[in-house]
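These exercises concern charged side-chain pairs. Work through each task before reading its solution.

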Amino acid sequence: HCHDGPLDGQSFESEAQARAVLRGEEQPSSSGLNSDAYDRDHYGGWIDVDGDCQDTRQEILIGQGDAIVLDASGCRVRSGVWIGPYTGERFTDPGDLHIDHIVPLAEAHESGASAWSTDKKRRFSNDPINLLAVQAGANMSKGASDPADWLPDQGRCEYVGQWVEVK
């Protein structure tokens, strides 16, 4: 039968992983899946890279918006104007926006970031080149999808170009 062999009954995250097991470069876990499962906590949260009290989320909101109003401490964005790059919608409340990882952390993890150090994972998670202020619903509909499975309603060429740049 064509499915008999050393990988019979196993399942893998990718063809590359199956080939690595065949070559003896990896050992399959008991379930046949990558034993280094994605955990968002391994990539850390938003950090204040430059020590100005504004974490990465605030920096992205400031850099990608107009007419920005900060709170009294100057650390958090209270309001501004943003045009959602995936929907074209106009937003004034930063609470309506998510900061999207163009290359989702889970997708990056599955395609090699699982082997990175904790520090490199955190830097990637906070790298502005991979971050966009987007409408919350658009970000949730995207999830951990790559461009083969999800494209925004607007700005598809720009999105794919940014994806390629990050990857």
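**Exercise 1.** With which residue does D100 form a salt bridge, and how far apart are the closest N and O atoms?

Solution. The model is predicted: local features need pLDDT of at least 70, side-chain atom pairs count only at pLDDT 80 or more, and totals for chains, interfaces and linings use all residues. Residues are numbered from 1 along each chain as its sequence is written, and side-chain values use heavy atoms, with hydrogens and water left out.

Step 1: apply the criterion, a side-chain nitrogen of Lys or Arg within 4 Å of a carboxyl oxygen of Asp or Glu.
Step 2: the partner of D100 is K142, with the closest N and O atoms 3.0 Å apart.
Step 3: D100 is in strand 4 (residues 97-101) and K142 in helix 5 (residues 136-142), 42 residues apart. Helices (H or I, at least four residues) and strands (E, at least two) are DSSP runs numbered from the N terminus.

**Exercise 2.** Are D100 and K142 buried or exposed?

Solution. Step 1: buried means under 20% relative accessible area, exposed over 50%, and partly exposed in between (1.4 Å probe, protein chains only).
Step 2: D100 has 2% relative accessibility and is buried; K142, with 1%, is buried too.

**Exercise 3.** Locate the salt bridge between D119 and R123.

Solution. Step 1: the closest N and O atoms of D119 and R123 are 3.5 Å apart.
Step 2: both residues lie in helix 4 (residues 118-125), 4 residues apart, so about one helical turn separates them.
Step 3: D119 is partly exposed at 49% relative accessibility, and R123 is partly exposed at 49%.

**Exercise 4.** How many salt bridges does the rule give?

Solution. The count is 3.
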